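Colleague: I would like to learn how to read a model like this one. Please take me through it feature by feature, with the general idea before the case.

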Amino acid sequence: MLLSAAHAVLFSGCADNQTSADTHVGGVGATGAMTFAFMSTLKKNPNQTYGQLLQSMRGELNSGGRRYTQVPQLSSGRPIDLNSKFVM
């Protein structure tokens, strides 16, 4: 297993065998569906763990009449504790 010298964390819009969707949201305009879910869930609850944020984004993509088939993913260059608080 190769580890990165940097602590790099990546939220991606979907799994490798999926396609990330674009969306249009009133008041926001055209945006990526995962980007919208990321921003929306952080506005609702800025104090989430990495695991909670990932699950929140997945839920947001399938709420309010939205039904996206993409499933956001989380990757890291080093082992990461999903129960640690998400920080930017």
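Colleague: Is Glu-60 buried or exposed?

Modeller: Buried means under 20% relative accessible area, exposed over 50%, and partly exposed in between, with a 1.4 Å probe and protein chains only. Glu-60 has 7% relative accessibility, so Glu-60 counts as buried. A caution on the source: this is a predicted model, where local features need pLDDT of at least 70, side-chain atom pairs count only at pLDDT 80 or more, and totals for chains, interfaces and linings use all residues. Residues are numbered from 1 along each chain as its sequence is written, and side-chain values use heavy atoms, with hydrogens and water left out.

Colleague: Where is the place of Glu-60, and which residues does Glu-60 touch?

Modeller: Helices (H or I, at least four residues) and strands (E, at least two) are DSSP runs, numbered from the N terminus. Glu-60 sits in helix α2. A contact means heavy atoms within 4.5 Å. Leaving out residues up to four places away in sequence, Glu-60 touches Phe-36, Ala-37, Ser-40, Thr-41, Lys-44 and Arg-66.

Colleague: How many salt bridges does the structure hold?

Modeller: Side chains of opposite charge can pair when their charged atoms come close. The cut-off for a salt bridge is a side-chain nitrogen of Lys or Arg within 4 Å of a carboxyl oxygen of Asp or Glu. The structure holds 1 salt bridge. Its partners are the side chains of Lys-44 and Glu-60, at 2.8 Å from N to O. Lys-44 belongs to helix α1 (residues 33–44) and Glu-60 to helix α2 (residues 50–60), so the pair ties together parts that are 16 residues apart in sequence.

Colleague: Is Lys-44 buried or exposed?

Modeller: Lys-44 has 60% relative accessibility and counts as exposed, whereas Glu-60, at 7%, counts as buried.

Colleague: What else is buried in α2, and what do those residues pack against?

Modeller: The buried residues of α2 are Tyr-50, Gly-51, Leu-53, Leu-54, Met-57 and Glu-60. They pack against β1, α1 and β4.

Colleague: What pattern does the protein chain follow along the sequence?

Modeller: The pattern is β-β-β-α-α-β, from 2 helices and 4 strands. Of the 88 residues in the protein chain, 34% are buried. Among contacts between residues at least 6 apart in sequence, 62% join residues at least 24 apart.
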